[in-house]
Amino acid sequence: MQNTQHQNLVGFIWSIANKLRGPYRPPQYRRVMLPLIVLRRFDLVLADTKQAVLDEKKRLEGKGITGAALETALARKAAKDRKQALYNTSGFTFEKLLGDAPNIAGNLIAYIQGFSPRARDIFDKFEFEAEIAKLDEANRLYLIIKEFCASSIDLSPKAISNLQMGYLFEELVRKFNEQANEEAGDHFTPREVIRLMVQLLFTGEEGIYEKGIYRSVYDPTAGTGGMLSESEKFICGDGVTTGLNPDAHIELFGQEYNPESYAICCADLLIKDEPINNLIYGDTLGIKDAKNKTNGFVPHDGHPDKKFHYMLANPPFGVEWKPEEDFVREEYSNQGLSGRFGAGLPRINDGSLLFLQHMISKMHQRPKVVDGKNVGGDGSKIAVVFNGSPLFSGDAGSGESNIRRWIIERDMLDAIVALPDQMFYNTGIYTYIWIVTNKKPVHRQGKVLLIDGTRHYKKMDKSLGDKRNELSDDHIKELVRLYAEYEHDAQSEVIETIDGKPQSVTRTCSKLFNNRDFGFLKITVERPLRLNFQVTAERIARLDEQSAFANLATSKKRKDDAAYRAEIAEGQAIQEAIKTTLLAVESDTLYTNRAEFEELLVDTLTDADIKVAAPIKKAILAALSERDPKADICLDAKGKPEPDPDLRDTEIVALPSDIVLPLPLGYDNETGHDKLLALVKEHCEAYLKAEVLPHVHDAWIDHSKTKVGYEIPLTRHFYIYQPPRPLDVIAGEISQLEKDIMAMLREVV
């Protein structure tokens with residue numbers, strides 16, 4: 001289809017949509033227009049064989065043939081050259097609907113019910129019957145149907161092939177979703193972002209050029225199918241441009257939980273006569289004890305036993321996974337690393353890393369070459385877009401950190417590309433494309449490439465919601481070049497605003513790192529507890545703030561009032577006796593040794609015939625003590641210095657430069673901890689000696705608390721220090737502002 005014809009059709013359909021204004025707002029146009037475009041295309045595809053299908057149905061039903069056999073026969077009669085079943089047995093067409101205007105709403109519903117099961121399911125997911133009633137009540141239904149029958153809009157197969165119609169439909173989906181930009185981010189990724197992801201995904205994939213090669217492409221959050229469609233287009237071409245390998249056989253798979261998005265994706269596939277059974281309607285992560293639904297909803301992974309060559313996804317940003325929590329935690333506990341989520345679970349308010357783990361579980365076995373032959377698998381490659389949270393959220397040993405560690409230590413993280421802000425329709429935040437693979441070429445093994453693409457964009461002529469920036473073809477080409485060339489400190493020409501004016505400058509836009517560069521040790525640095533002790537009225541009064549002491553005058557005997565009162569009275573008597581005894585020995589003497597004072601305290605209480613349990617003695621010592629840097633170090637029962645919790649600190653220490661990955665520490669942060677310490681203890685002690693002891697001479701490391709963390713501080717690596725302006729320049733500006741303000745005040749007066 002020529003580009004002019006394509007744009008003319010898009011424009012004409014958009015003009016039809018504008019006739020909905022009134023009962024519908026522009027963001028709601030898609031509710032009507034997308035189902036009707038699909039319906040009209042199917043109507044014209046089936047027009048030539050419509051009567052033959054009706055006759056065949058009557059003949060076969062007369063012989064008692066029903067069910068799957070009848071459906072197969074009708075599909076064959078409707079279109080011999082189609083691979084996907086599509087037929088209609090209602091007897092209606094768009095033209096016949098117009099011939100009975102008073103009953104057009106009921107007839108249209110009957111027409112839809114006459115379609116083959118998968119086509120009918122699409123309109124059910126669109127919930128189109130509700131829109132039919134609304135259109136009919138607003139007196140717009142007949143008008144819109146009539147517009148679709150106009151000679152100026154020809155959606156028939158004679159004018160537009162299945163492939164061309166598919167791309168026309170995608171363009172309309174994009175335009176309608178952009179109108180609904182307040183919610184588009186839930187199911188629609190900007191097309192130029194998808195193009196970049198697809199080109200990054202297939203860069204360096206030499207095998208894709210083999211004649212007749214089979215490759216599978218999967219999207220676990222398929223949305224309207226843009227990533228799947230763009231992948232197929234990039235490899236096989238679109239009838240206008242030639243793809244990487246038109247002879248390749250590409251099979252698309254996906255899963256989507258939003259019914260409207262699922263319907264759009266299915267419609268696109270059915271329009272192009274591509275397999276529709278590979279697209280599952282359901283929740284990819286899984287829902288435990290899900291209610292049975294009659295609309296085909298699958299409450300778990302819809303492709304449980306499948307592996308895929310290529311995977312793309314745009315998981316929801318910052319969306320909590322509370323509905324899936326029970327299912328995910330049960331799989332995590334029962335299956336561990338043999339399941340999908342064994343590396344760890346992120347915080348409940350962002351499940352994006354769960355989707356990445358799910359995709360990694362779908363990887364083909366990594367290639368393994370022996371004597372020049374691949375005896376392993378094909379391997380897989382993933383492109384997924386995230387917000388900034390998966391880069392650094394979570395402390396050392398947390399779920400997020402462990403997931404990053406699992407991916408990086410197994411050498412699966414290939415590259416991360418930082419995108420400009422204001423790229424998506426419903427958020428202005430920065431986003432990042434992760435490239436993850438288990439088949440890195442030799443020169444990329446053990447390394448990760450970071451690309452700063454935050455300045456590769458152009459301003460849109462008109463913003464769409466929060467989307468004000470977009471990638472041009474040149475920007476995509478440049479980012480793909482940086483990824484393909486895989487160089488440290490590679491430079492690129494970018495536009496920056498300097499002194500209020502856009503200027504072209506050369507910036508470093510890529511950096512190479514070793515895998516271990518992203519790992520670190522979080523060590524706990526302790527300092528000794530030093531306390532002085534004194535028996536004064538002020539310190540004795542603090543006893544009431546100690547919970548163990550206060551609990552003496554409480555009782556759990558709620559059912560027996562007399563016993564309850566007696567126990568409280570007994571406790572109060574002990575409290576009073578302790579205070580009275582301490583007040584009797586009140587003095588100005590300051591003790592700087594805990595053991596010495598503790599001995600005095602025990603003797604004092606014994607002389608007063610007061611017996612106290614260990615928690616009460618501890619409470620008395622706490623009340624009568626204060627921290628004193630000049631006091632003696634408090635020792636524990638083993639004679640070792642006791643740490644002061646208030647002086648406890650942590651330090652971040654880089655992994656040793658010669659350490660081998662993966663580390664022996666398990667993802668429970670306990671298994672193999674002794675083996676980890678054997679590798680890093682000396683390294684940590686050297687850090688303490690060089691960085692801590694010169695400032696705090698009595699500090700030590702509690703190695704039992706050492707944790708491993710992984711983060712990817714991409715922004716930090718590309719940060720360029722901008723020195724502040726000279727003070728005389730700033731002072732001059734302030735002086736000028738003061739003069740301007742005084743001048744304006746004089747005008748007012």
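**Ground rules.** I'm working from a predicted model, where local features need pLDDT of at least 70, side-chain atom pairs count only at pLDDT 80 or more, and totals for chains, interfaces and linings use all residues. Residues are numbered from 1 along each chain as its sequence is written, and side-chain values use heavy atoms, with hydrogens and water left out.

**Cavities.** I took a cavity as a set of points, on a 1 Å grid over the protein atoms alone, where a 1.4 Å probe fits but cannot get out. I got four cavities of 30 Å³ or more. I checked its lining (residues with an atom within 4 Å of a point) and noted Phe169, Arg191 and Asp268 among them. Helix α10 (162-179) gives two or more residues, as do α13 (226-236) and α14 (259-271); the largest share, three residues, is from α10. Helices here are DSSP runs of H or I, at least four residues, and strands are runs of E, at least two.

**Sheet.** I counted strands as paired if DSSP finds at least two bridges between them. I found 10 strands in an open, mixed sheet, ordered β3-β2-β1-β4-β7-β9-β8-β10-β14-β13. The edges are β3 (279-281) and β13 (490-498). I also looked at β2 (residues 249-256), which runs parallel to β3 over three bridges, with glycine 254 opposite leucine 279.

Conventions: 1 Å grid on protein atoms, 1.4 Å probe; cavity = no way out; pocket = protein on both sides within 12 Å on 5 of 7 lines; lining within 4 Å. Points joined across faces, edges and corners; volume = space filled by probe spheres on them.
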